[in-house]
Amino acid sequence: KYSIILPCYNEYGNLKLIIPELIVLFKKKFFEILVIDDNSPDKTYIKLKKIYKKNKKIRCFLRKKKSGLALSIKEGIKKSSGKIIIVMDSDYNHRPVDLKKMLNTFEKDNVDMVCGSRFLKGGFSSSYFRHSTSLVYNYFINFLINGKNTDNLSGFFILKKKLIKNILNKVFYGYGEYYLRLLYYLNKQRIKIKEIPVRYGPRKYGESKSKLLTMFFLYTYYAIKLINK
């Protein structure tokens with residue numbers, strides 16, 4: 001039923017902690033975990049394959065061609081067997097404890113999508129600086145695209161897979177700006193979306209690949225492209 005997609009690049013240290021937490025969280029459900037490794041130098045794919053070689057619910061894939069966060073997620077969606085897709089970061093920004101709340105809402109409230117939002121009451125980013133700058137930028141993005149979501153940047157969501165079958169290629173390319181496109185096209189379908197407050201957790205291993213200024217310029221560019229189509 002549930003396909004949990006974990007795109008990664010050099011996140012073995014974090015994934016060896018996250019995956020056991022997810023196994024416990026989903027132990028009473030039908031699920032699979034798909035780790036999509038973007039050819040990590042830290043050998044994430046090889047190490048996790050060795051650990052979980054007898055566990056058919058943990059599926060690891062190695063991407064050697066064109067790299068990119070959104071392309072990794074797209075590959076995970078294509079290889080998934082579940083009817084419901086869950087996408088989360090592999091660096092502990094997206095916490096399993098918040099996923100549990102999102103899952104409860106998805107199952108109880110009869111919605112098509114549940115999104116994590118740092119900007120609802122109770123939510124927060126990894127630092128005050130990141131939170132305040134992301135909040136202001138999110139207002140700007142909503143102004144540009146007439147957006148309806150409180151957090152267009154998180155990339156933490158649960159979604160019925162059938163709703164994105166026809167927009168995979170339109171959405172999943174580039175970096176985190178894919179999430180802008182995803183919400184934009186799904187809102188045009190007028191599906192039922194609910195947001196849940198989430199708090200970003202601290203990275204336990206490795207370094208962030210996100211550069212705020214670069215991201216903001218990139219996201220603005222793609223937001224303008226959306227409204228000019």
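Where does D91 lie? In this predicted model, D91 is part of the loop that runs between β4 and α4. Its relative accessibility is 12%, so D91 counts as buried, the cut-off for that term being under 20%. Leaving aside residues up to four places away in sequence, D91 touches E11, N14, I18, P202, R203 and K204. I77 is 14 residues from D91 along the chain, and the C-alpha atoms of the two are separated by 20 Å.

The loop between β4 and α4 also holds Y92. Y92 is not a glycine, yet its phi is positive, at about 80°. With a relative accessible area of 7%, Y92 is buried. Another residue with a positive phi is N10, where the angle is near 60° and the residue is again other than glycine. N10 belongs to the loop between β1 and α1.

The axis of α1 (residues 12–25) and the axis of α4 (residues 96–108) come within 10 Å and cross at roughly 30°. Angles under 35 degrees count as roughly parallel, and α1 and α4 are therefore roughly parallel to each other. The crossing in which α1 passes α4 is right-handed. On the α1 side the residues that meet α4 are E21, L22 and L25, and on the α4 side they find P96, L99 and K100. An α-helix has 3.6 residues a turn, so residues three or four places apart point the same way.

In α3 (residues 69–79), the buried residues are A70, L71, S72, I73, K74, G76 and I77. Their cover includes the strands β1 (2–8), β2 (31–37) and β4 (84–87), together with the helices α6 (168–171) and α7.

How many of the 11 residues of α7 are buried? In α7 (residues 178–188) the count is 10, so this helix is largely enclosed by the rest of the structure. Among the buried residues of α7 are Y178, Y179, R181, Y184, Y185 and N187. Just after α7, R190 takes a positive phi of about 60°.

R181 has its charged end over the ring of Y173, 3.7 Å from the ring centre. The charged end of R181 also sits over the ring of Y222, here 5.0 Å from the centre.

The structure as a whole holds 11 aromatic pairs. In one of them, F26 and F31 have ring centres 5.8 Å apart and planes at 35°, so the pair is tilted. Both F26 and F31 are buried. Y184 and Y185 make an edge-to-face pair, 5.5 Å from centre to centre with 80° between the planes. Y185 is buried, at a relative accessible area of 9%.

Technical notes: Residues numbered from 1 in each chain as written. Predicted model: local features only at pLDDT ≥ 70, side-chain atom pairs only at ≥ 80, totals over all residues. Heavy atoms only, no water. Phe/Tyr/Trp six-rings, centres within 6.5 Å; stacked < 30°, edge-to-face > 60°. Buried < 20%, exposed > 50% of the residue type's maximum accessible area, 1.4 Å probe, protein only. Lys NZ or Arg CZ within 6 Å of the ring centre and 35° of its normal. Axes fitted to C-alpha atoms, helices over the stretch in contact; angles between N-to-C directions. Helix = DSSP H or I, 4+ residues; strand = E, 2+ residues; numbered from the N terminus. Parallel < 35°, antiparallel > 145°, perpendicular 65-115°, else oblique. Left-handed = near helix turned anticlockwise from the far one by under 90°. Contact = heavy atoms within 4.5 Å.
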